[in-house]
Every structure is written in C-alpha cells, then in structure tokens.
Amino acid sequence: MKMKTYGTLSQNTLKNKKSMGKIEILAMEKEEKMMDEIKNIIFVCNNGNCRSQIAAGIFNKKAAQMNLDIRALSRGIVVLFEEPLNQKAEAVMLANGIDTSGLKSQQLKNEEFSKDVLVLVMERKQKEVILSDYDNAQNVFVFSEYNGKSGDIVQPYGKTLTVYDNCYKMIQEQIDCLLEKWRTDNARN
C-alpha cells in the first residue's frame, strides 16, 4: 500500500498532529496552499547559463509531457550581459533530448517575484543573496531543501563533461521529486 504524502509530510505524521508544533503545521499548510497558486517557476544559479538552464529545460520538457500548465524560466544572480548556454551544459541537455535553441542567460529581476512564482536556487548562499538584495523576494527556496532533501547542487563549471552529466542527473532527480510532490498534492485535491 502506497503511503499518501502531504507536502513533505506522510499520512502517518499527520495522524500524530498532537506531537507536531503549531509552527510545523502552519508551515505545512502554507506550502500546500502555495503549491496550488504556483503558475511559474524560476530556477536560479550564479550566471544563469548552466544549472538553472538545465533545470528549466528538464522541468519544461516533463511538464509538457504531463500537460501541466506551469512554465519554468532560468535566471542568474549576476548576469552582466547575455551569454549563450555553457557548451558542456548544452551537450548534456542535447544528449538528453532537450531543445537548447535560443537559450541565453538572463538577470533575475525584482519585478519577477510574486505570490504565484516559485523561485528555486541551487545553493543556500544564492537564497541568502536573493533575500538580501531583492526587495520583492518571496517564495525563495533551496531546490533540494524544497524537496525535503539536503545539500546544494554544486557548480560544475570548468569540470569534465562527466561532472556536467552528473549535475544533470542530480537536477533531474530533484525535478522528479518536485513533480511527484505536485502530482500527489493534485490527486489529493
């Protein structure tokens, strides 16, 4: 029998609400409500030409296959000028059937934040920068932590193609967790 999940909490955990604190219950309810309102996702990395592009590419491909009405964008925290996609990231994406035509880095903008936008960063440090530098910042999470996991998705820049491929696989695993979380929550509603 498959255990039904609610956000990052299992049905068994909910049965034990008496042992949960009010803050934990409120956080769970806020996350569930927010997921119902999300219309777009912005994946963010440092320069916006590698990890965030991989994440947006994987998400958009899978969301289209699932007929989801959510679109993912890629942004960078420090984009001085538009740059093409990192060549090794592009090679890994193309090898996995993701269209890379026209992809360029774009700067994250203050006006892109809203209650219906989920912002997922690759590293804890990026979340801290966004929360301190963007007045409108909201719904900002470290990608792995949002999925109930720990750790950063480390920058592969300057490493081998194998490292880029491993980064792709790590991001794909996180996307699969995110989509499963949404599928489970939507089945519940």
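Analyst: This is a predicted model.

User: How many bridges join strand 5 and strand 6, and in which sense do they pair?

Analyst: Strands of a sheet pair through backbone hydrogen bonds, either parallel or antiparallel. Here, strand 5 and strand 6 are parallel, with three bridges.

User: What is the strand order in the open sheet?

Analyst: The order is 4-3-5-6, four strands with parallel pairing. Strand 4 (71-76) and strand 6 (140-142) are the edges; each has a single partner strand, so one side of each lacks a neighbour in the sheet. From one strand to the next, the twist averages 25°.

User: Which strands does helix 3 lie across, and which does helix 5 lie across?

Analyst: Helix 3 lies across strand 3 and strand 4, at about 175° to strand 4. Helix 5 (residues 124-133) lies across strand 3, strand 5 and strand 6, at about 165° to strand 6.

User: Which residues touch the most other members of the largest nonpolar core?

Analyst: Ile41, Phe43, Phe59 and Trp182 do, in a core of 32 residues. Helix 7 gives the largest share, eight residues. Another core lies apart, with 13 residues, including Leu73 and Val121.

User: Where is confidence lowest, and where is it highest?

Analyst: Where pLDDT is low, the predicted coordinates should not be read in detail. Strand 1 (residues 5-6) is lowest, with a mean of 35, and strand 5 (residues 117-121) is highest, at 98. Residues 1-19 are below 50, yet this stretch has 33 contacts beyond near neighbours in sequence.

Conventions
Residues numbered from 1 in each chain as written. Predicted model: local features only at pLDDT ≥ 70, side-chain atom pairs only at ≥ 80, totals over all residues. Heavy atoms only, no water. pLDDT = per-residue confidence, 0-100. Helix = DSSP H or I, 4+ residues; strand = E, 2+ residues; numbered from the N terminus. Contact = heavy atoms within 4.5 Å. Core = buried A, V, L, I, M, F, W, Y, C linked by side-chain atoms within 4.5 Å. Buried < 20%, exposed > 50% of the residue type's maximum accessible area, 1.4 Å probe, protein only. Pairing = 2+ DSSP bridges. Axes fitted to C-alpha atoms, helices over the stretch in contact; angles between N-to-C directions.
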